[in-house]
Structure formats: C-alpha cells, structure tokens
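Let's take a walk through this one together. We'll begin with the whole chain and then zoom in on a few spots.

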Amino acid sequence: MSQSLSDLRPSLSDIEKAAESIATSVLRTPTLPAQILSQIFGAEIFVKYDNMQITNAFKERGALNKLLSLTQEQKDAGVIAMSAGNHAQAVALHATRLGIPSTIVMPEFTPFVKVAATKAYGATVILEGETVAEAGIAAMRMAEESGATFVHPYDDPYVIAGQGTVALEMLADVPNLDCLVVPIGGGGLISGMATAAKAINADIEIIGVETELYPTMFNELNNLELPCGGQSLAEGIAVKKAGRLPALIASDLVSDIILVTEGQIEQAINAYATHLKTMAEGAGAAGLAAVIAKPERFKGKRVGLVLCGGNIDPRLLSSIIVRQLGRKQQIVGLRITIPDRPGILGEISTVIGDLGGNVLEVDHHRTFLNVPVKGASIDITIETRDAEHAREIIRGIEAKGHEVEHLNAPQE
C-alpha cells in the first residue's frame, strides 16, 4: 500500500536524527546578533550564517541527509540531481566524499563558473534543457533509465529533515526568538525549519519570503495565480512550482509570506556586505529584504534571519554596492553644459574640491545636438558625504553660471 503525502512528513525526531547524521560533515554555523541591523529596524535581529558552509549554502544539509539514507545498492548505482547552483554543488561534494557516483543535470544557460565548481567537486555534469524545469525532466528520465537515485532539491522528506537542522541550531543558540524569516524557493528549507521550530516552540511565528517575480508558495497557500517569471537577483528562489510535500507542511505551519521587490533584495545584499561584512546571494538575503519591506511587522520582536547562501558574483556585488551609494547620493552623476573655452573644467573641479567633493570620473562631449555649437557637455561623477552635500555642490556649480542636470537624482 503506497504512503499518502501526509505520511511522508518528517517529524522533530527525524530532524534530530538528521542533525546527528550530518554533524561530522556539515558545519554547525553560528547564529549571532546583528546590532547595526537591530538599531536600524528597531528589532532584535539575529542572523544564521549558513553561507559559511563549504559550498557557501545550506543545501549541504538536506543533500547529505538524503545520501546517508541510501542503501549500499543504491549508493553503488549512483545518484542524479537537477540544479543550476547550490544543490548541484552540495550533492556533488558529499556524493564524492562518500564514494557515490553523481551526475548533475544543469540547464544549458548555467554560468560556466557554476558548472566548473560542480565538476570540481567530482560530479559528471550534463547540460540539457533551457530551464531548470526542463533539466529536471531530463534528470528524472536519466535516473529511471540508469537505475540511479534522483535527489530532489526540495520535495523529499530526507532533504526537508536535513534543512530543518538549521532551526534546531538557531533555537539552541537563541531559544526565545519570536519569529523565523525564511526564504522560499521550492519550500524545502521553510518546511523543515517550520517542522522543527513549531515542535520546539508552538508560539514561534514562521514567516516565508518570496520575490514578487516568483510568488510560488504564496499562490499555493492563497489559491491564487499570480504570474511567475522574469530575471531575479534571487535566482535561488526563482522557482515556478512549489514542492507538494513542502506546500502541505507550509499550509499548516507558515503564518505569512512576504513578497519582496528586486530593489529590496538589492538593498539587503548591500546591507549584509556593508553592515555585517559578509556575502549574501539574492536568495540568501531575502529574509532581510522582508524586514526592509515591512519594518513595522518586526518592530520590537526577536527576529531570526537565515543567511542561507553566499554564492554571488563579485562583479554583481560590486555593482550593487555602487548603486546603493547612488541611492544615498554618496556617488552622484552630474551633466553640466559649459562654454567650450579653456579653464572651465578647472573652474568646476575647483568648486567641487573647495566644497569637499571628490571627482571620480569625467566625460567630455562636444557633439551632442542639444548643446550649442560653441559649447560642450561634461558628465562628472563625484563622491559626496550625503544628499545635502550633493545639493550644496550643485548649487555651487550653478552659482558659476552653469546649467546642471542631476543624472541619478532619487525618484520621488
């Protein structure tokens, strides 16, 4: 007789067994107070640093617990997984360590750096399908044909139990948390954490976070059909269909799901980098993005955030930090129309310097048709203390008779 979906739900005991099983091979990461974030948002914020794992993401927990559940015959036949990122590396790392042959099917668009990292952990990588969903179909077909075990990234009780160990550790470190704020992709992390946390403390609130572009679990729990799609900074949670078992668990234990914008995710990544000096990928920063989106929702509470992944392209991180400086008007772009005669650029530079600004970049244009033929246009990027300082410099340049356009002025 086949088991019902409800029968597959892991229990607190299953999660505690998972914690014992993976203890020697997965890092027990710290949960630490984030004092600056607490001051900014008026809440007591604690951050679980699971970006410190070997693969820099929480996925190792569930992947290893699943691999350890296999019989010797299953191990000999090998495993197949589908992933474009963290799950791929987690399965590859621990399968190789356990002597289990592993094959990872990745979408054809997967960045080379992720393909290379997965191969470096010892897996055979096959690129097939334009999307993660198509890669998943291919992986399941290959598993059926070869007899290998398919290791699902989230819709598996052993994987869910492994991810639940995050909550065990958080509540051991900070027992009296009021709520856990957990990113949701397919739902493996939140369903495991909710199972553990609610069994330990029935009063704790479990709050999920999804990007507005992919409100997958939000749709599932609210019987809605909001569109899912688009390019998201949080590609790790850009999932179009939630897992059946995670959705069942979440429907019982998750009290709320907050949808966040791409801009809020960007601000959260920057906040982790600048305030906590740690790297967060988009999905990893989603919990903090929820606090940014709805600070009143968390004011005065003891809030646990899971920094569940830190695999972000350094170039993207650099761009995010510079863009945030622009939002705060600490880096300002100005377009100035000037008469084309010697000394003007020096005059403007002197004004900026005398007022305490720093010139970062200058572009000189003489061919723009909206500039008089005897004039020129210059784009100057300057570094300032804040928005008021930027306005002071603009007024100083205008006082010299020059027309100034503020290129990255904040939108009203």
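Accessible areas here come from the Shrake-Rupley method with a 1.4 Å probe, and for residues only the protein chains shown count as cover. With that in hand, the chain's accessible surface comes to about 18,700 Å², and carbon and sulfur atoms hold 52% of it.

A quick word on what you're looking at. This is a predicted model, where local features need pLDDT of at least 70 and side-chain atom pairs count only at pLDDT 80 or more, while totals for chains, interfaces and linings use all residues. Residues are numbered from 1 along each chain as its sequence is written, and side-chain values use heavy atoms, with hydrogens and water left out.

Now for the overall layout. Along the principal axes, the C-alpha atoms fill a box of roughly 85 × 45 × 40 Å. The chain has 17 helices and 14 strands; these are DSSP runs (H or I over at least four residues for helices, E over at least two for strands), numbered from the N terminus. Of its 412 residues, 52% count as buried, meaning under 20% relative accessible area with a 1.4 Å probe, protein chains only (over 50% is exposed, in between is partly exposed). Take the contacts (heavy atoms within 4.5 Å) with a separation of 6 or more: 72% of them link residues 24 or more positions apart.

Let's zoom in on I22, which sits in helix α1 (residues 12-22). Is I22 buried or exposed? I22 is buried, since its relative accessible area is 3%. Beyond its neighbours within four places in sequence, I22 is in contact with R61, L64, N65, L68 and T165. One of these, N65, is 43 residues away from I22 in sequence, yet their C-alpha atoms are 6.5 Å apart.

T31 belongs to strand β1 (residues 31-33). T31 also counts as buried, because its relative accessibility is 7%. Skipping residues up to four places away in sequence, T31 touches F46, V47, K48, M170, D173 and V174.

Last stop: helices α12 (residues 262-275) and α13 (residues 286-293). Their axes come within 8 Å and cross at roughly 115°. Axes are lines fitted to C-alpha atoms, for helices over the stretch in contact, and angles run from 0 to 180 degrees between N-to-C directions. So α12 and α13 are roughly perpendicular to each other, a label for 65 to 115 degrees (under 35 is roughly parallel, over 145 roughly antiparallel, the rest oblique). On the α12 side, Q264, I265, Q267, A268, A271 and Y272 make the contact, and on the α13 side L288, A289, I292 and A293 do.
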